[in-house]
Amino acid sequence: MSNSSTANLVNTQPSARVSTVSNKYYNPYQHRQVPHPTTDGETLMHLLKGSLGTGILAMPLAFANAGLIFGIISTFFVGAVSTYCVNILVQCAFQLCQRRKLPSLGFADVAEVAFLEGPQRVRKLAPIARFLVNSFIVIDLLGCCCVYTVFVCSNLKQVLNLYIDSTIDLRLYMICTLPFLLLMNLIRNLKYLAPLSMVANVFIAVGMGITFYYILLDLPPIDSRPAIAPIIKMPLFFGTAIFALEGIGVVMPLENNMKTPEHFLGCPGVLNIGMGSVVTLYCVVGFLGYLRYGADTAGSITLNLPDELLAQSVKVMIAVAMFFTYALQFYVPMEIIWKGVQHKFVEHPNRAEYILRMLVVTGTVIVSVLVPNLGPFISLVGAVCLSFLGLMFPSIVEMVVWWDIPGGLGKGYWVVWKNILVICFGIVGFLTGSYTSLVEIVEEYGKS
């Protein structure tokens, strides 16, 4: 291989560390055959869409659990740690593709191959790693579906309360949405879900614009809100912020489908631009939303809007957008679940898949009925699933990937120490966030 070719290859690597294995000059980017690759701009838009969901509407509540100033600092900190973890996950995927001479790897594939390529004593854990990643993705995204159900019905209830009996229980609204959710989620092709996604994006954009209009009306002085909230509320902030900021489930598919994947990482890079924009937007919404509504801040900022026609239109638009987004969130976990059980239904696979889809959708609605309080449920999903997927798992993978490579762990084993810090941060967030969220859910369930 010529010196110029070697130089070009090194420049495309997302990591400065180079494997010592014999196939180190295999460049996965040059072997990818993507039918319809996405440009940098398209990938950025997909990344923003994957990270901007109901989480942004919950950021004012997150700031209520952190305080105005501490909320800004903590949001940027969580965003920086999350972005770092995505970076090392993509770097490790690139390294594993080099070793196995594979053009690309999915999220669960990275988990399995990392352990297979790691030290001898951990290779038997490869199937477990794959299973855990898939399980947490399923729990995370189905948890999002539960959140969407509560969100949609809470907003519709507020609007309909102006015209019908306001004593109708929120749970009845959820039960009434079940037939519509069942029909929509019988669609198995993403192509037919694309128009719903387009409508959802338009409604969210318009709704957020009107929401900002109401938030900016009569803003109180900054010193009217606490700069730092009581420490007992901090775990709820962590869970909500992680839920809002983590779009790690979409990272590998996006990078794998790029026309120029070498532009995904680096400075500025698609990832850094996208996550920087997301974190900034979340800080603005969280700060202004909590400043405007204070102690009355609801689990979704749309629930704080007044009983005016324009404000009610926002609730309807975003409720419809989240209703459509349910089908998109449901698609990935359903694919994972079906691939795991389809071998048991060889005679009537289509009928079995439709029945399974209806059962899983019904299950999400049942969970929503049991846990109708939006705030703690968002925090619980974030603390349980995304602490593992977004923080602990990428750190563990990086250590496993570089453990047996001479110099791979850095001077003084700094790679190990920095990842241990991230893992500890994830564990603390997982334990405290889960405990606090469960306590609030139990208390709320007891009241009802």
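**Entry 1: a helix and its surroundings**

I start with a working rule: a residue counts as buried when its relative accessible area is under 20%. I keep in mind that this is a predicted model.

With that rule I looked up helix H4, which covers residues 68–100. I found that 24 of its 33 residues are buried, so H4 is largely enclosed by the rest of the structure. Next I checked its span from the first C-alpha to the last, and H4 reaches 48 Å, close to the 48 Å expected at 1.5 Å a residue. Then I stepped just past the end of H4, where Lys101 takes a positive phi of about 55°.

**Entry 2: rings that pair**

How many aromatic pairs are there? I get a count of 10 aromatic pairs, taking ring centres within 6.5 Å as the cut-off. For each pair I note two things, since a pair of aromatic rings is described by the distance of the centres and the angle of the planes.

I looked at Phe77 and Phe425: their ring centres are 5.4 Å apart and their planes stand at 80°, so I write this pair down as edge-to-face. I was pleased to see that it links distant parts of the chain, with Phe77 in helix H4 and Phe425 in helix H15 (residues 414–447), 348 residues apart. I also looked up how accessible the partners are. Phe77 has 46% relative accessibility and counts as partly exposed, and Phe425, at 23%, counts as partly exposed too.

My next pair was Tyr213 with Tyr214, with ring centres 5.2 Å apart and planes at 75°, so this one is also edge-to-face. Is each partner buried or exposed, or in between? Tyr213 is partly exposed at 47% relative accessible area, while Tyr214 is buried at 5%.

**Entry 3: a cluster and a charge**

I noted one aromatic cluster formed by Phe107, Phe136, Phe388 and Phe393. I also looked for a charge over a ring and found the charged end of Arg99 over the ring of Trp402, 5.9 Å from the ring centre.

**Entry 4: a serine in helix H14**

Where is Ser387? I found it in helix H14, which runs over residues 374–402. Its relative accessible area is 0%, so Ser387 is buried. Which residues does Ser387 contact, leaving aside its neighbours within four places in sequence? My list reads Phe238, Ile242, Gly382, Met392, Gly426, Gly429 and Phe430.

Methods. Residues are numbered from 1 along each chain as its sequence is written. This is a predicted model: local features need pLDDT of at least 70, side-chain atom pairs count only at pLDDT 80 or more; totals for chains, interfaces and linings use all residues. Side-chain values use heavy atoms; hydrogens and water are left out. Helices (H or I, at least four residues) and strands (E, at least two) are DSSP runs, numbered from the N terminus. The expected span of a helix is 1.5 Å times one less than its number of residues. Buried means under 20% relative accessible area, exposed over 50%, partly exposed in between (1.4 Å probe, protein chains only). Rings of Phe, Tyr and Trp (its six-membered ring) pair if their centres lie within 6.5 Å; planes under 30 degrees apart count as stacked, over 60 as edge-to-face and the rest as tilted. A charge sits over a ring if NZ of Lys or CZ of Arg is within 6 Å of the ring centre and within 35 degrees of the ring normal. Contact means heavy atoms within 4.5 Å.
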